[in-house]
Amino acid sequence: MIRYRSLILGLAVAATFSACQSSTQKQESSAATENTSSTALSDTAKVYNAYLKVKDDLVRTDGKAAKASSADLAKELGAINGCTEAAGVAGKMAATDDIAAQRNLFLQLSHDLIPLVKGMKVKQAPIYVAYCPMAGDGKGGYWLSAQKEIRNPYYGDQMMECGEVKEELK
């Protein structure tokens, strides 16, 4: 399982790097891009890993832990060129231990990060895109998960299994 998670993280790195870069100017030379891509790949793996930690903290309804893990996520996002907006959202999550506020911000964060992960070509371990129709004041909300089993970060222990897997990224 750890081996698959490492593979997923590596692939997430590639997708996050390219997606975050889409909002910034392209590198002036391909040599500069090649030199930074290996660093960016490890940075993106850290982003995906940190995102999963935030999600798990929200599932457990642990605002204090989510505050700390959001700070880590903000730091990792800040290290990637073009991910300033997502880093700001994670920073807002890190500024409070109010679980309701964190969950509202997680909606936006997930909205920003899911397209990055969708660009990946995962071959061995799937990533699941789950959906809760009640999240976001009934507007619905998506999140990423490494497990198919629904563990709702928007409601945690109040409605742990509310939602469904909408997509499996392979």
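The model is predicted: local features need pLDDT of at least 70 and side-chain atom pairs count only at pLDDT 80 or more, while totals for chains, interfaces and linings use all residues. Residues are numbered from 1 along each chain as its sequence is written, and side-chain values use heavy atoms, with hydrogens and water left out.

**The whole chain**

Begin with the chain shown as a cartoon. Six helices and three strands make up its secondary structure; helices (H or I, at least four residues) and strands (E, at least two) are DSSP runs, numbered from the N terminus. Followed from the N terminus, the order is α-α-α-α-α-β-α-β-β. Of the 170 residues in the chain, 46% are buried. Buried stands for under 20% relative accessible area, exposed for over 50%, and partly exposed for values in between (1.4 Å probe, protein chains only).

**The nonpolar core**

Next, select Leu73, Leu77, Phe106, Leu109, Trp143 and Tyr154, the residues with the most contacts inside the largest nonpolar core, which has 39 residues. Such a core is a set of buried Ala, Val, Leu, Ile, Met, Phe, Trp, Tyr and Cys residues joined through side-chain atoms within 4.5 Å. At least two core residues come from each of α2 (30–59), α3 (63–78), α4 (84–94), α5 (99–118), β1 (127–132) and β2 (141–145). The largest share, eight residues, is supplied by α5.

Now centre on Tyr154. Leaving aside residues up to four places away in sequence, Tyr154 touches several residues, including Arg103, Phe106, Cys132 and Trp143; a contact means heavy atoms within 4.5 Å.

**Helix α3**

Select α3 and colour its buried residues: Gly63, Ala66, Ser69, Ser70, Leu73, Ala74, Glu76 and Leu77. They lie on the same side of α3, because they cover an arc of only 160 degrees around the axis, the arc being that of the directions from the helix axis to the C-beta atoms. Turn to the other side of α3, where Lys64, Lys75 and Gly78 are exposed.

**Asn152**

Finally, move to the loop between β2 and β3 (164–169), where Asn152 is found. Asn152 counts as buried because its relative accessibility is 0%. A polar atom of the Asn152 side chain lies 2.6 Å from the backbone nitrogen of Tyr154. For the backbone nitrogen of Tyr155, the distance to a polar atom of the Asn152 side chain is 3.1 Å. Beyond residues up to four places away in sequence, Asn152 touches Val59, Cys132, Trp143, Met159, Met160 and Cys162.

Technical notes. A polar contact is a pair of N or O atoms within 3.5 Å; within protein, one must be able to donate a hydrogen and the other to accept it, and residues adjacent in sequence count only if both atoms are side-chain atoms.
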